[in-house]
Amino acid sequence: MSLYMLRRTGVYLFLSLAAFLSVFPFFWMAVGATNKSTEIITGKMTPGSNLVVNFQTLLSQVDLWRVFGNSFLIAIVSTILTLAVSSLAGYGFEIFRSRVRERIFQLLLLFLSIPFAALMVPLFVMISRAQLTNTFTAVILPTIASIFILFYFRQATKAFPSELRDAARVDGLKEWQIFLFVYMPTMRSTYAAATIIVFMNAWNNYLWPLIVLQTPENKTITLVISALTAAYTPDYGVILLTTVLATLPTLVIFFVLQRQFVQGMLGAVK
Amino acid sequence: MTRNVMRWTRTLAIALTGISMASVAAAAAELTVWCWDPNFNIPAMADAGARYTAAHPDTTFNINNVSQDEINQKLQTQLLAGVSDGLPDIVLIQDDNIQRFLQSFPGSFVPLSDSIDMSKFADYKVAAATYEGKSYSLPFDSGVTGLFYRSDYLEEAGYKPEDVQDITWNRLIEIGKDVLEKTGHQLIDMDYNDDGQIIMMMQSTGQWYLKDGNEPNIIDNPALKASLETFQAMAQSGLIKPVSDWTGYTGAFTSGEVAMVPQGVWITGTIKSMPDQAGKWRVAPLPALDGVDGATHYSNNGGSSWYVLASSEHQDEAIDFLKTVWAEDVDFYQGILVNQGAVGSLLAARDGDAYKASDPFFNDEPVWQNFSDWLAQVPAVDYGTFTPEARLAVRAQLPNIANGGDIDQALQAIDAQLRQQMQ
């Protein structure tokens, strides 16, 4: 019994430490948002009274609603389109047999290893030839065919029982109906997990929007944070407040989809 | 009926006014500017723009807040892709980064020395943006250095302001040891991942990490060796408080922990952000390196300048604007000094009232007059295109040197890393 207690104590101590380490940055960010820049620099750890002032400073420098609107628009459209295209492709890759299928898939996985920086210049030339610079389309379009999400859906589809598909065929459903009415509802948790991943990537995307979005009214929240930190004497209170605001949407989405996310990671079909 | 006619006349009148306004707008130019600090260069540029628009109502300004990283990324990508849509007319670029752009993308920037007299500006600022005999920058803020120090700590240790005036680093180390012993305050604080301290000491002798364009100047560079030795001596005597980032760096002196800050003039705003320390600070010229030819008390850290892009459709307006405001208007420079603490590079600016004023925060010293005196004497160096790589190579060795590592070996390692990066 005492050995058991000792072990439990050890486990809980370790977990508490781990929890502290992961929660502390959030705590510090939230506390910092309520303090003055000079207080943050001197290491003040308690909530202050400068939240309203920070907020007013932020509003005077940034058109917050517009910026959040831009970020949401890009993230939501990206998420819907990426899931639609990549899940369909992942499903297709797993379900329909063909001789070259594995070759193509390996080639796609190879593309995953090419860093984005290498693709940036040719991509920019393409986008500018299509006269799409400084549009949200230019930000969203290159992310839709996500090889990672395709891969993720293909792996998840391996667990999708072929009996279900056969039964649907016997019932007279067409292929697109099977995808829409059988596959998609079954794979709910996979979709939920992918939503979190894609939304987060789109929301946090920095480099490509930076290159392709040119005017201030098209800026996203990540670009705004970067611009705030660029000052020679950065106002850390305002910066931390903005990061708090920028973290909220992904946090909300994660908590809403948390159960499905964990399920999705474990495999959708039991 | 009459009412209808009146309504139509009014509509027509409004429409005509609209058309005439549109045609005026077509003849007018809107200059787009990219710069990055909402408390510093953005309001300074806005002020300059307002002055120009007052005299030339056709020319207006659209000033965008774009960070340094963003400017580098965007320019690099777009100039490489050969696509100019969306690029600004005027852009602010950090001085030690400009040669890379000038040499990698010839013809992308307008040579301003063709139309503006560059002898009006501090030499070393003009030299930083000169390539193949032409100068491309309208020099803006200077990073001219000074030794900011807490006179109350010095006094406590038995020193007067004269004791730190025009001294050498070795003398400063002696004073530092004394101050540490008597007051408990370390001399300076430093992030070992930032070589600002080293480049300030080195440039004060007119030397740089590179020479003759892009040849590494590491192993046989007596100024660099002396700088590293001085740094090592300070670190080994416990005079440096190591910090891990910019927040820590500014925190150590704003909180009163360390006694001195050798830094570019732009740190003034941060030092003055603590009103309760007013009167406790003073500024001396930077100490000189011991035993190095050409050692002076003047150096530089950071600073940026304005450039006109060759792709601009309003080049003439942009050049005329820089020429009439930034290269001539002494009064304008007084405004940005008072409001933004910006020390420009126009030498004539020092004759204005604001530059002559003394600052109660610094014991009523005429700090601005001093800085502009020093500004004119900063030795010019050639930053070349590999300064960022050289700085990384030096930073990699700083912790080792601080711990007492062999300096010749460190120089070899720096040289090797730099040459490898340059291939």
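Where in chain B is the place of Phe40(B)?

1. Basis of the note. This is a predicted model, in which local features need pLDDT of at least 70 and side-chain atom pairs count only at pLDDT 80 or more, while totals for chains, interfaces and linings use all residues. Residues are numbered from 1 along each chain as its sequence is written, and chains are lettered from A, with ligands numbered from 1, in the order in which they are written.

2. Chain B as a whole. Chain B holds 17 helices and 13 strands, where helices (H or I, at least four residues) and strands (E, at least two) are DSSP runs numbered from the N terminus. The C-alpha trace of chain B spans about 95 × 50 × 35 Å along its principal axes. Of the 423 residues in chain B, 47% are buried; a residue is buried if 20 or more other C-beta atoms, placed from the backbone, lie within 10 Å of its own, exposed if 12 or fewer, and partly exposed in between. Among contacts in chain B between residues at least 6 apart in sequence, 76% join residues at least 24 apart, a contact being a pair of residues whose C-beta atoms, placed from the backbone, lie within 7 Å.

3. Two domains in chain B. The assignment for chain B, with bounds from an automatic or database domain assignment, gives domain 1 (30-143 + 302-374) and domain 2 (144-300 + 378-422). The C-alpha centres of domain 1 of chain B and domain 2 of chain B lie 27 Å apart, and the contact between them takes 26 residues from domain 1 and 25 residues from domain 2. On the side of domain 1 of chain B that touches domain 2, the elements giving two or more residues are helix H4 (98-104), helix H5 (123-128), strand S6 (138-150), strand S13 (300-308) and helix H15 (367-375) of chain B. The residues on that side of domain 1 divide into eleven nonpolar, nine polar and six charged, where Ala, Val, Leu, Ile, Met, Phe, Trp, Tyr, Cys and Pro count as nonpolar, Asp, Glu, Lys and Arg as charged, and the others, Gly among them, as polar.

4. Phe40(B). To answer the opening question, Phe40(B) sits in the loop between strand S1 (29-35) and H2 of chain B. Phe40(B) is buried, because 22 other C-beta atoms lie within 10 Å. Leaving aside its neighbours within four places in sequence, Phe40(B) is in contact with Ala231(A), Tyr232(A), Gln340(B) and Ala342(B). Phe40(B) and Ile336(B) are 296 residues apart in sequence, yet 8.5 Å apart in space, C-alpha to C-alpha.

5. H2 against H13 in chain B. Helix H2 (residues 41-55) of chain B and helix H13 (residues 330-340) of chain B pack at an angle of about 150 degrees, with their axes 10 Å apart; axes are lines fitted to C-alpha atoms, for helices over the stretch in contact, and angles run from 0 to 180 degrees between N-to-C directions. The angle makes H2(B) roughly antiparallel to H13(B), since angles under 35 degrees count as roughly parallel, over 145 as roughly antiparallel, 65 to 115 as roughly perpendicular and the rest as oblique. In this pair Pro43(B), Ala44(B), Asp47(B), Ala48(B) and Arg51(B) of H2(B) meet Phe332(B), Gly335(B), Ile336(B), Asn339(B) and Gln340(B) of H13(B), and by class the contact has five nonpolar, three polar and two charged residues.

6. H16 against H17 in chain B. Helix H16 (residues 387-402) and helix H17 (residues 407-422) of chain B pack at an angle of about 150 degrees, with their axes 9 Å apart, which makes H16(B) roughly antiparallel to H17(B). The contact of H16(B) with H17(B) has eleven nonpolar, four polar and one charged residues.

7. Where chain A meets chain B. The contact takes 21 residues from chain A and 29 residues from chain B. H6(A) gives the most to the side of chain A that touches chain B, with five residues, and that side has twelve nonpolar, nine polar and no charged residues. Leu210(A), in helix H12 of chain A, is buried, with 22 other C-beta atoms within 10 Å. Apart from neighbours within four places in sequence, Leu210(A) is in contact with Leu223(A), Glu70(B), Gln73(B) and Lys74(B).

Note on methods:
Two residues are in contact if their C-beta atoms, placed from the backbone, lie within 7 Å.
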